[in-house]
Amino acid sequence: MSQNTPDNAASGTPEWPTRFAELAQSAQDTRLIRYYSAGCVSGDTPIGDTSMVSLDFETTGLDPTFHSIVSIGLVPFDAQRIRCRESRHWIVRPVLPLHRESVTFHGITHSEISAAPDLREILDEVLEALAGKIVVVHYRSIERQFLDQALRWRLNEGIEFPVIDTMALEARLHRNKRPGLLDWVRKRKPVSIRLADSRTRYGLPYYAPHHALTDALATAELLQAQLQYHYSPETPLRELWY
Amino acid sequence: MAVKTPGNPTDNLQVEQMEVREHLSRFAPFDHLPEETLSQLAMNVEVAYFRAGSTILTYGQAIKDLHFIRSGAVEVYLRNGDLYNRLAEGDIFGQLGMMHKKKVRFPATAIEDTLIYLIPDALFTELWANDEDFADFVETEDQSRLRAAVSKQEADNPLMTSRVARLIPRAPVTASSSVSIREAASLMTEEHVSALVLLHPGADIEQNWQPGDPPLVAGIITDRDLRTRALAPGLPYDTPVSEIMSSDIVYIPSDAFVFEAMLTMLRHNVHHLPVLQKHKPVGVIGLSDIVQYESQSGLYLVSNIHQQTSVSGLKSLSKDVRATFVRMVNEGANSHMVGSAMAGIGRAISQRLLELGEDKLGPPPVPYCFMALGSMARDEQLIVTDQDNALILDDSFDPNQHDAYFLELATFVSDGLAACGYTYCTGDIMATNPKWRQPLKVWKEYFTEWIRNPSAQALLHSAIFFDLDGIAGEIEFAETLKTLVAERAKRDAVFLAYLSRAALNRTPPLGFFRDFVMEKDGKHNNSINLKRRGTAPLSDLIRVHALACGSRAQNTFDRLNAIAETKLLGDGVANNLRDALEFLAIVRIRHQAMDVEAGRDPDNNIEPENLSPFERRNLKDAFLVLSNAQKFLRHRYHASSGGIIN
C-alpha cells in the first residue's frame with residue numbers, strides 16, 4: 001500500500017534481532033541483560049502482528065547531555081487496540097534542578113519531584129514494560145537519546161533499541177521532496193509534522209499536550225491511523241522501524 | 001495523578017488516562033458517575049481508530065466492549081441494512097449486543113475518521129448491575145426510556161400527583177333541596193361556607209350508596225347564586241332553594257388528580273366543585289384550594305375573560321394568555337394541562353364574543369351551536385394557532401330570513417378572535433364561510449357524505465371536522481354530529497382506509513445528527529417542524545383508531561384511553577403512543593415558551609442545536625414510536641392499497 005520508499009529506514013538501521021543477541025552478551029548490568037535477552041522480533045514480522053509500546057518522556061530541556069527526564073509514560077498497543085489498562089506513568093527526580101519554565105510546562109510540581117525516585121530505582125519496571133515490544137515514539141531523538149544518556153550516566157553503559165517514529169512516518173509523506181521554486185513563490189509553508197498537527201490530519205481529537213501518559217496515548221492513536229491510511233497489516237516491520 | 005513508587009510491592013496504584021476520563025465525564029450515561037468509577041473506566045478502556053468507511057461491527061460477530069465515540073461519526077444499521085441511527089462524539093453503541101448474548105445486533109460503520117473508546121465487558125456488566133441510572137440508559141432504548149422521561153416530568157409536578165381528596169378543607173355542608181333560600185343562606189353564614197350542597201329530600205349521605213339507588217345530590221348553590229338569582233330578581237325568602245340551585249352540576253370524583261379539577265373548573269368556568277366518592281358528597285373544593293397549588297393555571301384569566309365588555313377589553317388580555325402559557329410551562333405542567341388550559345381560554349373568548357355579538361345584534365332568530373374544530377375541539381391548543389370554527393343552525397333555519405344575522409354574528413366573532421391573536425384560518429374553515437354555516441340536517445349530510453364517499457382530496461380538507469366540539473348555544477347539535485360520526489365511521493372500512501392514508505402523509509424524521517435533523521434516507525435538515533413531523537401525524541393516526549373503535553372522544557389522550565379499552569392495539573402500544581405524544585407535545589410547548597420569553601415569535605420549528613441531549617434521545621424514541629405506529633396503521637386499514645377494498 002505504501003508508495004513511500006523508506007529512506008534511512010534501510011540504510012542506518014541495524015539488523016535488530018542480531019544486535020539484541022550481541023548486546024545480551026556484551027551488557028554488564030543485569031537489568032539490561034534481561035531486557036536484551038527478551039529479544040527483538042524479526043524485521044519480517046508484519047506490522048499487524050507486532051506488539052508495540054508507545055513511549056513518551058517529559059524532560060527538563062532538549063539536550064540529553066544537559067537535561068534530564070522528569071516523567072515517563074507508556075501504553076502497550078497493537079494495530080487494533082490500545083490497552084490503557086497496562087499504561088504506566090512515573091515521575092522521576094531529575095539530576096539537574098528543574099527550571100522554573102519547564103515546571104509550568106509539564107505541570108509537575110517541586111514537591112512531586114522531591115518525593116520522586118531516581119530513574120535507577122524504577123529502571124527495572126521500565127525495561128520490563130518495554131521488553132519484547134517495539135517502542136513507538138513521536139520524534140525518536142528524544143526518547144532514544146535521553147534514555148541512552150541517563151543510563152550511561154548511572155550505569156556507565158547505554159541502551160539501544162528499535163523505534164517506530166510517527167513523526168518520521170509523517171515526514172515521509174510530506175517531506176519527501178525539497179520545497180520547489182513554486183512553493184517558495186506561493187509562500188507555501190511546509191506541512192507541520194508535530195504530534196498535534198499530524199493527529200488533526202487523521203481526524204484525531206485534540207489532547208492537552210505535555211503529559212507523558214497522554215502523549216504516549218496520542219502517539220499510539222496516531223500510529224494506528226497512519227497504518228490504516230498508508231500501510232497494509234502485512235507491511236514488514238523493517239519498512240517502519242529505525 | 002497517581003505516582004507509582006518503587007520498593008513498595010503492595011502499591012498497585014494504576015494510572016489513568018486523564019483525557020479519557022475527562023471526556024467520558026461529559027456525556028450520559030457517564031456524566032453522573034462518581035470520580036472513582038470514572039477513573040476506573042479511564043484506566044480500563046481500550047482505544048481503537050477506524051478510518052472513514054471502515055466497518056466497526058458486523059452483524060452477529062462477538063462483542064465484548066461497549067463502544068463510546070471519542071471523535072468522528074458512526075452509522076448504525078438495522079439487520080436489513082436500513083439506517084437505524086447516525087451517531088457522533090459522546091454517543092455509545094453496541095449496548096444491545098452486550099446485553100444480548102454478546103453478539104452484535106446492529107452493525108456499525110465509521111463514516112468519518114473515528115476514535116472509539118472501548119469499555120470492557122467486566123466494567124460494563126458491573127455498571128449495568130449496580131448503577132440504576134446507567135442501566136436505565138443502556139437498557140431502555142425507545143419506549144421504556146420515553147416512559148421514564150415522561151413519568152419523571154410528571155412526578156415533579158404536584159398537580160399531577162396529588163389527588164383531589166387531599167384538598168378537601170372540611171366535610172361538606174349539606175341541606176335538603178326542599179329548604180327555603182333563607183334557610184340555605186343562614187346555614188351558609190353559620191358554617192362560613194360559600195357553597196352549599198343540596199340533597200334530594202330523604203337522601204341519607206351516611207348510608208352506603210349502591211348502584212341503582214336514587215342519586216343523592218340534587219344541586220349546588222353558591223353565594224353568587226343567592227345574589228344573582230334570588231336577591232337581584234327579588235324572590236321571596238321562602239322560595240324553595242331547588243328553584244334557583246344549579247341542578248346540572250359539575251363535580252369531580254375524589255380520586256381525580258388536582259389538575260383534572262383545575263381543568264374542570266376552567267372548562268366550565270365554575271369556582272366550586274363538589275367532590276364525590278361513589279356518588280356521595282365528601283366535600284367541596286373552591287378555586288382558592290387549587291390556586292394554592294398552582295397560581296397561574298388560567299383559572300383567573302378565564303373568569304376575567306367572562307367579565308370583559310368589549311372586543312378591545314378581550315384583546316387587552318392577549319398578553320396574559322401568553323404569560324399564562326409560559327408560567328404553566330415553567331411550573332412543569334404537562335401537555336394535557338397546557339393544551340386544555342389554552343383551549344379553555346380560547347373557548348371562553350369565543351363564548352364571550354358570542355355574548356357580546358348577541359348584545360349588539362339582538363337574540364338569534366333560530367337556535368344555533370357554535371362549534372370549535374381542530375386543536376381547540378381536542379383541548380390541545382397552543383399559542384401559535386389559527387381559528388377553526390363553524391355554525392350549526394337549527395333545522396328551522398331559512399337562509400333568506402336568518403342568514404344575514406348569522407353572517408354578521410360569525411363575522412363579529414371571527415374578527416374578534418383575530419384581534420385576540422387567533423389568526424383567520426387560511427383554509428377558510430370559519431363560520432363566516434356560508435358552507436360552514438348550515439342547519440344541522442345539512443351538517444349530517446356533510447358527514448354522511450364524507451364517510452360514505454371518501455376521496456383523498458376531500459379528506460385532506462375535511463379531516464379537521466372529525467375533531468369537533470360545541471362550545472356555545474345548543475351543544476346538543478354538536479353532540480348529534482359526534483354520535484353520527486362515532487356510529488358510521490367504525491363500520492366503513494373504505495373511509496377508514498382513506499383517513500389512514502391521509503394520516504400517513506406526514507412522517508417523522510429518523511433522529512438527529514450533530515446539529516442536523518436526519519431523515520430516513522440519511523439526508524440532513526437544519527430544523528424540524530415538531531407539529532408537522534410529530535404531534536400532528538400522531539393525533540391523525542390516533543383519530544383513525546378512535547373512530548374505528550366507535551369512540552366519541554375528541555381529545556387525543558381521551559381517544560387513547562378509549563382505544564386501550566379495546567383489543568385494537570397490542571399490549572402497551574397505547575401507552576407508548578401516549579408517552580410519545582406527551583413528549584413531542586411538551587418539547588414543542590417548552591420551545592414555544594422559550595421563544596416567548598426570549599421575545600421571539602413562537603413557532604413550531606426547532607433547531608437541533610437548541611435541544612438538550614435528553615430531548616434528542618427521547619425525541620428520537622418518540623419518532624420511532626410514531627413511525628412504527630404508522631406502519632401498523634397502513635397495514636391495519638389497508639391504507640397503501642389506496643383504500644380500495646373488495
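**Notebook: chain B, charges and strands**

I note here that the model is predicted.

I then asked which residue pairs with Arg170(B) in a salt bridge. Glu191(B) is the partner, and the closest N and O atoms are 2.8 Å apart. I placed Arg170(B) in the loop between helix H7 (158–161) and strand S9 (174–176) of chain B, and Glu191(B) in helix H8 (residues 181–191) of chain B; the pair therefore ties together parts 21 residues apart in sequence. Glu191(B) is also listed as partly exposed, at 29% relative accessibility.

I followed with the salt-bridge network. Bridges that share partners join Arg378(B), Glu380(B), Asp467(B), Arg506(B), Asp540(B), Arg543(B) and Arg559(B) into one network. My search of the whole structure, over all chains, gave 42 salt bridges.

**Two further pairs**

I checked Glu75(B) and Arg86(B), whose side chains meet in a salt bridge with an N to O distance of 2.6 Å. Glu75(B) sits in strand S4 (residues 73–77) of chain B and Arg86(B) in strand S5 (residues 83–88) of chain B, so this pair ties together parts that are eleven residues apart in sequence. Are the two residues buried or exposed? I found both Glu75(B) and Arg86(B) buried.

I next took Lys102(B), which forms a salt bridge with Asp121(B); their closest N and O atoms are 2.8 Å apart. This pair links distant parts of the chain, 19 residues apart: Lys102(B) is in the loop between helix H3 (95–99) and strand S7 (108–110) of chain B, while Asp121(B) is in helix H4 (residues 121–130) of chain B. I read 27% relative accessibility for Lys102(B), which counts as partly exposed. Asp121(B) is partly exposed as well, with a relative accessible area of 23%.

**Strand S3**

I wanted to know how many residues of strand S3 (residues 65–71) of chain B are buried. Seven of the seven are, so the strand is largely enclosed by the rest of the structure.

I then traced its neighbours. S3(B) pairs with strand S8 (residues 114–120) of chain B in the antiparallel sense, over six bridges. In S8(B), I found Ile119(B) as the bridge partner of Leu66(B). S3(B) is also joined by two bridges to strand S6 (residues 92–93) of chain B, and these strands run antiparallel. Here Phe68(B) has Ile92(B), in S6(B), as its bridge partner.

**Charged surface patches**

I turned to the surface. Which residues gather in a patch of positive charge? They are Arg452(B), Arg488(B), Lys490(B) and Arg491(B). I located Arg452(B) in helix H17 (residues 440–452) of chain B. Arg452(B) has a relative accessible area of 55%, and therefore counts as exposed.

I also noted a negative surface patch, formed by Glu132(B), Asp133(B), Asp136(B) and Glu139(B). Glu132(B) belongs to helix H5 (residues 132–139) of chain B. I read a relative accessible area of 64% for Glu132(B), so this residue is exposed.

Conventions
Residues numbered from 1 in each chain as written. Chains lettered and ligands numbered in written order. Predicted model: local features only at pLDDT ≥ 70, side-chain atom pairs only at ≥ 80, totals over all residues. Heavy atoms only, no water. Patch = residues over 30% accessible without salt bridge, like charges linked within 9 Å, V, L, I, M, F, W, Y side chains within 5 Å. Areas by Shrake-Rupley, 256 points an atom, 1.4 Å probe, with all protein chains shown as cover. Salt bridge = Lys/Arg side-chain N within 4 Å of Asp/Glu carboxyl O. Lys, Arg positive; Asp, Glu negative; His and termini not counted. Charge placed at Lys NZ, Arg CZ, Asp CG, Glu CD. Helix = DSSP H or I, 4+ residues; strand = E, 2+ residues; numbered from the N terminus. Buried < 20%, exposed > 50% of the residue type's maximum accessible area, 1.4 Å probe, protein only. Pairing = 2+ DSSP bridges.
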